[in-house]
Amino acid sequence: MNQPVTDEQVVAYRRDGFVRIPGIIGEDEAARYARAALAARDRQKDVPRDPAFTHLMQLWQQDETLRELTLSPVLAAAATALAGVPLRLYHDHLLIKEPHNGAPTEFHQDQPYWPHLGSRHSLSAWVALVDVPTTRGCMTFIPGSHLLDGRHRQDLRDADNLMRAAPELVWEPRVTVPLRAGDCTFHHSLTAHSASPNLTDDPRVAHVVVYMDVETRYDPRERLVGEPLVEPAGVAAGVPFPDDDFPPLP
Ligand code: SIN
Ligand code: NI
């Protein structure tokens, strides 16, 4: 395989905690995956429809088409090059901001939600399956915030939750990254990020693939009410995540 990301992209990711990779998949592929995503949403009866987004998890275990995207060797190679440590899949999820949903996704870090112990690195690929201009649930990042220390699970509906815990971020510049269908961003699991409400007539369809350090061990903890948490079944505290449900990347 060709080099999945350039040296400049690796440097930018490690400095800023996120990077945009244009055209990680083709436009036609993005359209095919977007159709599969909307069909999966329509098939599933009791999908949690949070105001911020309609949320479906673990598509790779349920949908043949989206499985291809989650297990894409191109995404995997890019994630591995950025992280610099061997990775496994943690989980995938579809985040669909419905037309005129009226709710942003407020600033948060991802890592504090996860039951991970001893992780050297975890990151997400956020793949735009439709065009995502700034008006359609576009992501914003705070460069360098992945270097922040001290973390707690942040409330995605509370605009000030993260800022109260980390007031040094209040005056930091933010970078908003519109994406064309087929582009993606990778973000470090500690990078502060948010997404705008969808002000348009079309759904914002993003497929997010989450990767974790292959050596991460399970750190069980209390689940908040309604919290969508992916945990290894039948695994004791302090044991690595099993390969069957959390496949190591090739
Ligand atoms: C969103 O797409 O609305 C949020 C994505 C994320 O938190 O990673
Ligand atoms: Ni997030």
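A residue counts as buried here when its relative accessible area is under 20%. I start with that cut-off because strand 6 is described by it: seven of its seven residues are buried, so the strand is largely enclosed by the rest of the structure. Before going on, please keep in mind that this is a predicted model.

Let me stay with strand 6, residues 122–128. In a regular strand the side chains alternate between the two faces of the sheet. Here Ser 122, Ser 124, Trp 126 and Ala 128 point one way, while Leu 123, Ala 125 and Val 127 point the other way, and all of them are buried.

What does strand 6 pair with? Strand 11 is one partner, running antiparallel to strand 6 and joined to it by seven bridges. In that pairing, Ala 128 sits opposite Ala 206 of strand 11. Strand 9, residues 184–188, is also antiparallel to strand 6, with five bridges between the two. There, Leu 123 has His 188 of strand 9 as its bridge partner.

At the strand 8 end, strand 7, residues 139–141, makes three bridges to strand 8 in the antiparallel sense. Phe 141 is bridged to Val 175 in strand 8.

Now the metal. Which residues donate to the nickel ion, ligand 2? The protein donors are His 108 through NE2, Asp 110 through OD and His 193 through NE2, and they lie 2.1 Å from the ion. Along the chain, their spacing reads H-x1-D-x82-H.

On to the empty space. Rolling a probe the size of a water molecule over the atoms shows where such space is left. The largest pocket holds about 880 Å³. Of its 35 lining residues, the closest to the centre are Phe 53, His 55, Tyr 113, Leu 156 and Pro 228. By class, the lining has 18 nonpolar, 10 polar and seven charged residues.

Which strands supply that lining?

Gln 58 has a positive phi of about 55°, although it is not a glycine. Gln 58 is in the loop between strand 2 and helix 3, the helix being residues 64–70. With 12% relative accessibility, Gln 58 is under the cut-off I began with, so it counts as buried. His 100 is also not a glycine, and its phi is positive too, near 50°. The loop that holds His 100 runs between strand 3 and strand 4.

Key: Residues numbered from 1 in each chain as written. Chains lettered and ligands numbered in written order. Predicted model: local features only at pLDDT ≥ 70, side-chain atom pairs only at ≥ 80, totals over all residues. Heavy atoms only, no water. Pairing = 2+ DSSP bridges. Helix = DSSP H or I, 4+ residues; strand = E, 2+ residues; numbered from the N terminus. 1 Å grid on protein atoms, 1.4 Å probe; cavity = no way out; pocket = protein on both sides within 12 Å on 5 of 7 lines; lining within 4 Å. Points joined across faces, edges and corners; volume = space filled by probe spheres on them. Nonpolar A, V, L, I, M, F, W, Y, C, P; charged D, E, K, R; others polar. Donors = N, O, S within 2.8 Å, 3.2 Å for Na, K, Ca; no water. Buried < 20%, exposed > 50% of the residue type's maximum accessible area, 1.4 Å probe, protein only.
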